[in-house]
Amino acid sequence: MSGPAAGTAVAATTTDVVCLGESMVTFLPSQPGRLADVPSFGRGIGGAESNVACALAAAGHRAAWVGRVGADGFGDHLVETIASYGVDTSAVRRDPFRPTGIYFRTATDRGTDTHEVAYYRAGSAASAMSPANVPYEELFAGRILHLSGITAALSDDCLALLRELTAARPGRPLVSFDVNHRPHLWRGGDASVLLELARRADLVFVGEDEAEEAWGIVGAEAIRAAVPEPSVLVVKRGSAGATVFASGLRPGPRPSIAGGAECGGAEDAATAATGPDTVTHVPALHVDVVAAVGAGDAFAAGFLSATLRGLPVRDRARHGHLMAAAVLTVPGDLTEPPARDHADRLVALGDDAWGTLRLGPGWTAADRASEEVRTP
């Protein structure tokens with residue numbers, strides 16, 4: 001199958017979010033230090049899109065992950081672990097000729113000079129994804145299709161697939177795209193293609209640092225000028241918070257994802273942004289960080305969760321910050337998110353209370369009486 005036929009009818013939506021991308025087995029160090037010095041590693045999973053699917057499923061949404069893994073033990077572990085979060089993995093394909101990707105990393109923050117990652121993903125099963133071998137019916141069966149720029153960097157076939165999935169056509173679900181620029185994946189390649197893909201999506205997540213490194217674009221307003229098409233553009237600004245640009249949509253059957261209405265299903269055609277932006281800045285939280293990995297994926301999951309619920313833009317970004325805080329206060333990429341009513345109470349705080357909220361390890365299990373709200 002080389003791609004979805006034009007005008008292909010899509011069955012009634014039974015899934016909230018479908019996430020497509022590579023997931024790998026990750027080996028986490030038993031202690032800090034250089035990879036050369038770490039004596040042993042614990043096994044986990046890592047993958048931007050599967051992280052989003054797991055977080056959404058844990059938050060009570062119907063999430064599916066579509067990927068390609070080897071017909072090996074690591075592939076078994078990935079599929080079983082992701083499914084254990086409540087994610088639908090029925091559309092995952094097994095490749096008998098290519099292995100499941102794995103990687104090792106140090107315990108230090110990914111943004112520091114001492115952080116090391118050793119990837120063993122060249123020729124992986126996921127890198128063989130292409131327009132000819134993915135299950136389009138499953139990919140287009142959700143209300144939202146979530147993709148990331150990591151997939152585009154894996155191979156020419158993977159890039160062709162993302163171009164196919166982001167092409168405007170009737171029946172395309174709302175496309176969420178996390179730029180997720182990984183410089184080591186683009187050595188010798190042209191990361192400007194991520195700008196092309198972002199402009200074809202409906203909802204885009206990008207970090208200010210990513211935009212500067214990948215595209216040479218500095219500042220949230222300049223990023224929006226370069227990416228005017230998406231109805232919603234979320235510019236992540238690290239400890240400064242997030243700036244959300246939300247515009248109107250062309251008239252059509254899908255309710256606006258820029259305002260408070262529920263986002264539509266897969267039967268609605270993709271639409272481009274029109275009209276002036278509403279710009280919303282949402283400060284980040286004060287977090288006692290345990291490990292700065294997986295926070296971007298968690299933020300996307302929180303924002304998508306609130307989008308599915310039809311919440312206002314400010315609340316969507318606050319839910320993103322809270323989901324990120326849940327991951328930042330644990331060692332790994334995944335954790336149990338806060339209960340919905342707990343998160344909703346925090347999101348409803350006034351600006352002053354939100355600005356003084358500090359979250360540390362174990363905060364997601366806190367009840368209202370023990371929530372810590374203090375000046376950092």
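Start by selecting Tyr103 and Tyr119: Tyr103 stands opposite Tyr119, which belongs to β8. Keep in mind as you click around that this is a predicted model.

Now widen the selection to the strands around that pair. Strand β7 covers residues 102-105, and four bridges tie β7 to β8, with the two running antiparallel.

Next, bring up the whole sheet. Four strands make an open sheet, and if you walk across it the order is β3-β2-β7-β8, with mixed pairing. Colour β3 (41-46) and β8 (117-120) to see the edges; each of these strands pairs on one side only.

What lies across β2, β3 and β7? Select residues 73-84 and you'll have helix α2, which lies across those three strands, β2 being 24-29. Against β3, helix α2 runs at about 65 degrees.

For a landmark, pick Phe205, whose bridge partner in β12 is Val234.

Stay on β12, residues 232-236, and show its side chains. Are its residues buried or exposed? The strand is mostly covered, with five of its five residues buried. Val232, Val234 and Lys236 point one way, Leu233 and Val235 the other way, and all are buried, the lysine included.

Conventions
Residues numbered from 1 in each chain as written. Predicted model: local features only at pLDDT ≥ 70, side-chain atom pairs only at ≥ 80, totals over all residues. Heavy atoms only, no water. Pairing = 2+ DSSP bridges. Contact = heavy atoms within 4.5 Å. Axes fitted to C-alpha atoms, helices over the stretch in contact; angles between N-to-C directions. Buried < 20%, exposed > 50% of the residue type's maximum accessible area, 1.4 Å probe, protein only.
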